[in-house]
Amino acid sequence: MKLVKFVRSCPVLVVKANSRGPYLRSDNAAMGLKAMVECKPHSRHMLAWLMDQMNPDTDGLFLAVVKAHDVGTGQIKETATRMLNNFSVQASVNDFYTAQRVFKEAASEALPQAVTADAIDILAVQAGDCKLLPDSITDLLSSARCSILIYNNKTEPSAAAVAAAAGALGSACVALADAEAAAETLRHGVALAV
């Protein structure tokens, strides 16, 4: 249970078997990674973290805003335009060129189609401060044909949290190794006396 708490404070990349992005399906890393970020007002830290992991010379960054059209007029909302401009500036300061996508629909409807159309490798979404994943993210996990990065609102984990998570992970690995050794012993029919 401790491991789950620490994992909630770190970004999690879910690599799926049905991913269609060319980067994760090939051995050629030179062609670059394509990542799409679902932009929300509180996603600035997620974008900064993601850009730290990417290479601006080879990787592509797509910014997407969902539910960006006004229901009455059908025009793009001013808040969506402002958000895209702010995120584009943040990306350009870090030497990233961005492609911008604006959608009428909700994330669960628009983003699966967008990742297929743009051959996106990783879709980055932000989870809220809740114990369970929101339905919108679980829908994306099942419908989007790409790997999904789930970033939490929490700030980067402290050194103590990372050390505790590493310790918990190390304990889990030791327990798994002990279980594998016991299973191997049973497979070969060798009994050890303790």
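Residues are termed buried under 20% relative accessible area, exposed over 50% and partly exposed in between (1.4 Å probe, protein chains only). The structure is a predicted model: local features need pLDDT of at least 70, side-chain atom pairs count only at pLDDT 80 or more, and totals for chains, interfaces and linings use all residues. Residues are numbered from 1 along each chain as its sequence is written, and side-chain values use heavy atoms, with hydrogens and water left out.

The protein chain contains seven helices and six strands. Helices (H or I, at least four residues) and strands (E, at least two) are DSSP runs, numbered from the N terminus. Their order from the N terminus is α-β-α-β-α-β-α-β-α-β-α-β-α. Of the 194 residues, 34% count as buried. The chain exposes about 11,400 Å², and carbon and sulfur atoms supply 58% of that area. Accessible areas come from the Shrake-Rupley method with a 1.4 Å probe; for residues, only the protein chains shown count as cover. A contact means heavy atoms within 4.5 Å. Among contacts with a separation of 6 or more, 78% come from residues 24 or more positions apart.

The six strands form an open sheet with mixed pairing, in the order β1-β6-β5-β2-β3-β4. Two strands pair if DSSP finds at least two bridges between them. Strands β1 (12-14) and β4 lie at the edges, each pairing on one side only. Neighbouring strands are turned by 25 degrees against each other on average, direction ignored. Axes are lines fitted to C-alpha atoms, for helices over the stretch in contact, and angles run from 0 to 180 degrees between N-to-C directions. Strands β5 (residues 122-127) and β6 (residues 147-152) run parallel, joined by six bridges. Here V125 stands opposite I150 of β6. Helix α6 (residues 135-143) packs on the sheet and touches β1, β5 and β6. The direction of α6 makes about 165 degrees with that of β5.

Helix α4 (residues 78-93) has 16 residues. Its first and last C-alpha atoms lie 23 Å apart, close to the 22 Å expected at 1.5 Å a residue. The expected span is 1.5 Å times one less than the number of residues. The buried residues of α4 are A80, M83, L84, F87, S88, Q90 and A91. These residues lie on the same side of α4 because they cover an arc of only 160 degrees around the axis. The arc is that of the directions from the helix axis to the C-beta atoms. On the other side, E78 and V93 are exposed. The buried residues of α4 pack against α3 (44-53), β3 (60-65) and β4 (98-102). Just after α4, D95 takes a positive phi of about 70 degrees.
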